[in-house]
Amino acid sequence: MSAPVFVVGCGRSGTTLLRLMLDAHPLLAIPPESHFLSRFGHNLGRYEAPGGGVDAERLASDILRTKNFQAWRVPEADVHARIAALGSSPSFADVVDAVYMAYAETRGAIRWGDKTPRYVLDIPLFDRLFPGSKFVHIIRDGRDVAMSLRTVRFGPNEPMSAAGFWDRRVRAGRESGRTLGPARYHEVRYERLVEDADAELRGICDFLDLPWDETMLNYHSRVSEALPDDRRSQHQHEDRPPTKGLRDWRTQMQADDVAAFEVIAGALLDELGYERGAPSPRAGLRMKAAMHRVRSGVRRVAWGIRKRRGGSRADAEAY
């Protein structure tokens, strides 16, 4: 089993763009978002087999029943054939590899990856479940992320909430990355990717031990094949070459919204080298930010309780 590749990041940071580019490589296949890996991985006890390993058929059957897998249009018989060939005491990673390689085979690829943005919060889990796995974390200026979040049905659309959403995910990815080290964790800036895709993709290929292939730069010619119809409305620019300035907080974001975002996530903007756009916050805005942090903490505790009771994907995205 080759080391899987996980493309992660805060939602609306360019994860889909990067997935389409990498999926265009003839040796690598990255299906549409899965969302089931963390759910089943966090409940690994459900799949423990008496003789060790996991109950491969039970785990595979649960995966095959998910709407996300069904959207991949992989023949279930192909998955079951691969599961039957696993032998005794397969691991969680073995079963998942069988599922994803069934997808990769339909694309003529020999390696697989996954692009599900919120897995940026689950890097420690995937480090345990998939030894040797590699993580590509794409980061975008959070103010542009905040504007983009307003156009989709998930995530917060108010600047302070968007700032907390972005801050938590980016920090989680970077903290995990420091633990993994550069052999298994690679950061990509969205702004550099759209400005010089050739250079950034060459760096990613080196990190993933993939030979360079020019087809990645022509990803936009195959969007209709790689991007599900129900995702097209959320990704209206992926059928063209990388384009700078699709979002620009400097000209498109209200000054009050910039200030509200920066009072929550300004420290991370500074850490990442992004310029500030608002003056130092006044006492009233700092007080509002403090109250917002308290309310957000309470909501995350409430979400943790709902998660243990089977919370929804929409609940998860909100925090």
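The side chains of Glu-33 and Lys-115 meet in a salt bridge, with 2.6 Å from N to O. A salt bridge here is a side-chain nitrogen of Lys or Arg within 4 Å of a carboxyl oxygen of Asp or Glu. The structure is a predicted model, in which local features need pLDDT of at least 70 and side-chain atom pairs count only at pLDDT 80 or more, while totals for chains, interfaces and linings use all residues. Residues are numbered from 1 along each chain as its sequence is written, and side-chain values use heavy atoms, with hydrogens and water left out.

**Salt bridges**

Glu-33 sits in the loop between strand 2 and helix 2 (36–41), and Lys-115 in strand 3, so this pair links parts of the chain that are 82 residues apart. Helices (H or I, at least four residues) and strands (E, at least two) are DSSP runs, numbered from the N terminus. Glu-33 is buried at 12% relative accessible area, and Lys-115 is buried at 3%. Buried means under 20% relative accessible area, exposed means over 50%, and partly exposed lies in between (1.4 Å probe, protein chains only).

Across the whole structure, a search finds 21 salt bridges. Side chains of opposite charge can pair when their charged atoms come close.

| Pair | N to O distance | Relative accessible area |
|---|---|---|
| Glu-33 and Lys-115 | 2.6 Å | Glu-33 12%, Lys-115 3% |
| Lys-134 and Asp-209 | 3.5 Å | Lys-134 12%, Asp-209 61% |
| Arg-150 and Asp-257 | 2.7 Å | Arg-150 41%, Asp-257 16% |

Lys-134 forms its salt bridge with Asp-209. Because Lys-134 lies in strand 4 and Asp-209 in the loop between helix 11 (197–208) and helix 12 (223–226), the pair ties together parts that are 75 residues apart in sequence. Lys-134 is buried, whereas Asp-209 is exposed.

Arg-150 forms a salt bridge with Asp-257. This pair also links distant parts of the chain: Arg-150 is in the loop between helix 8 (142–149) and helix 9 (159–180), and Asp-257 is in helix 14 (residues 255–272), 107 residues apart. Arg-150 is partly exposed, and Asp-257 is buried.

Salt bridges also link Asp-167, Arg-171, Arg-174, Glu-187 and Glu-271 in a network.

An open sheet of 5 strands has the order 2-3-1-4-5, with parallel pairing. Its edge strands are strand 2 (28–29) and strand 5 (185–189), each of which pairs on one side only. Two strands pair if DSSP finds at least two bridges between them.

Strand 1 (residues 5–8) and strand 4 (residues 134–139) run parallel and are joined by 4 bridges. Phe-6 has Phe-135 as its bridge partner in strand 4, and Val-8 stands opposite His-137 in that strand. On to strand 5, strand 4 makes 5 bridges, and these two strands also run parallel. There, Phe-135 stands opposite Tyr-185 in strand 5.

Strand 4 is largely enclosed by the rest of the structure, because 6 of its 6 residues are buried. In a regular strand the side chains alternate between the two faces of the sheet. Both faces of strand 4 are covered: Lys-134, Val-136 and Ile-138 are buried on one side, and Phe-135, His-137 and Ile-139 are buried on the other.

**Helices on the sheet**

Strand 1 pairs with strand 4 through 4 bridges. Helix 1 (residues 15–23) packs on the sheet and touches strand 1, strand 2, strand 3 (111–115) and strand 4. Contact means heavy atoms within 4.5 Å. The direction of helix 1 makes about 150 degrees with that of strand 1. Helix 6 (residues 92–106) also packs on the sheet, touching strand 2 and strand 3, and its direction makes about 100 degrees with that of strand 3. Axes are lines fitted to C-alpha atoms, for helices over the stretch in contact, and angles run from 0 to 180 degrees between N-to-C directions.

**Backbone angles**

Most residues other than glycine have a negative phi, and most peptide bonds are trans. Arg-12 is not a glycine but has a positive phi of about 70 degrees. Arg-12 is found in the loop between strand 1 and helix 1 and is buried at 15% relative accessibility. Ser-89, also not a glycine, has a positive phi of about 55 degrees. Ser-89 lies in the loop between helix 5 (76–84) and helix 6 and is partly exposed, with a relative accessible area of 43%.
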